[in-house]
Amino acid sequence: MCSVINRVKPVQRALAVTLRLRTNPESLSYTAAESRRFYPGLGTGADPLRTTIRTYCSRMAWTEGLIFRQLFESESSTYTYLLADAETKEAVLIDPVLETIDRDLKLIQELGLNLKVAVNTHCHADHITSTGLMKKRLVGLKSAISKFSGASADILLTEGDKITFGKHYLTVRETPGHTDGCTTLVSGDQSMAFTGDALLIRGCGRTDFQQGCAKRLYESIHQKIFTLPDQCLIYPAHDYLGQTASTVGEERKFNPRLTKSLEEFVDIMNNLNLPKPNKIDISVPANLVCGVHEV
């Protein structure tokens, strides 16, 4: 992953490039070079906010003094997020996956970080979390999950709780509907929101198992996520199309499900007719005990 400590917002960069292009037609080659530098893999004319390149997303975290990595597990298409204070090296890991525990621990060691909390946004049905096993390998690490998830953890989270790491923190917003215990974790400056399975990029979590409720999910997203600033970056727990990040403003405007009325949304969700996740029968029992069941 590319470096994320970047003090100028990507949208401002894109706008500056556009203005140069409009005022000076001869600057096309320079504009293309700038676009490639800040958005690898993009051709001229591509919209940087809609690219599906997995490397661009981490450039979009502009909070000063924050180390940030977006990591991917291919079997379940799960994103794991590592955030750390650049000065104190205290860190938080969001939604770690059992199969990638060695990769994650290696990165944490390479960056010299002190992982304080490993948090799950909800009790996952498609993969087993690595939090329990990770606690056995990192002294002092604590696990965290929603109080309403029914799962065991060192820290049981509720609305308004803060997960601190150095001078930074994540605030818990309860966003049930996909499951009872879904949470969205919002950075202190509201520049980033880690939405778990509640809000996906141009989609949302299913509501047909694990206490799912379409009406509750719709209300959670509109009341707890769509009330964040338009420019707040959305980082979901999964994406199946290679997309890496979105914004609150984009999802409020373009999400094909959540731009509907409540009644239309409920009808859509009740008629998805999706097969159940392949690993649900082993993942849920394991995740209820912090991922250490038969591990």
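**Pocket**

Ala, Val, Leu, Ile, Met, Phe, Trp, Tyr, Cys and Pro count here as nonpolar, Asp, Glu, Lys and Arg as charged, and the others, Gly among them, as polar. By that scheme, the lining of the largest pocket has 12 nonpolar, 11 polar and nine charged residues.

This is a predicted model: local features need pLDDT of at least 70, side-chain atom pairs count only at pLDDT 80 or more, and totals for chains, interfaces and linings use all residues. Residues are numbered from 1 along each chain as its sequence is written, and side-chain values use heavy atoms, without hydrogens or water.

The largest pocket has a volume of about 750 Å³. Its lining counts 32 residues, and Asp126, Leu200, Arg206, Tyr240 and Leu274 are the closest to its centre. A pocket is an open set of points on a 1 Å grid over the protein atoms alone, where a 1.4 Å probe fits, with protein on both sides within 12 Å along at least five of seven lines; lining residues have an atom within 4 Å of a point. The volume is the space filled by probe spheres set on the points, which are joined across faces, edges and corners.

**Aromatic pairs**

The whole structure holds nine aromatic pairs (Phe, Tyr or Trp rings, the six-membered one for Trp, with centres within 6.5 Å; stacked under 30 degrees, edge-to-face over 60, tilted for the rest). Phe68 and Tyr81 are stacked, because their ring centres lie 6.1 Å apart with planes at 10°.

Phe68 is buried at 0% relative accessible area, and Tyr81 is buried at 1% (buried is under 20%, exposed over 50%, partly exposed in between, with a 1.4 Å probe and protein chains only).
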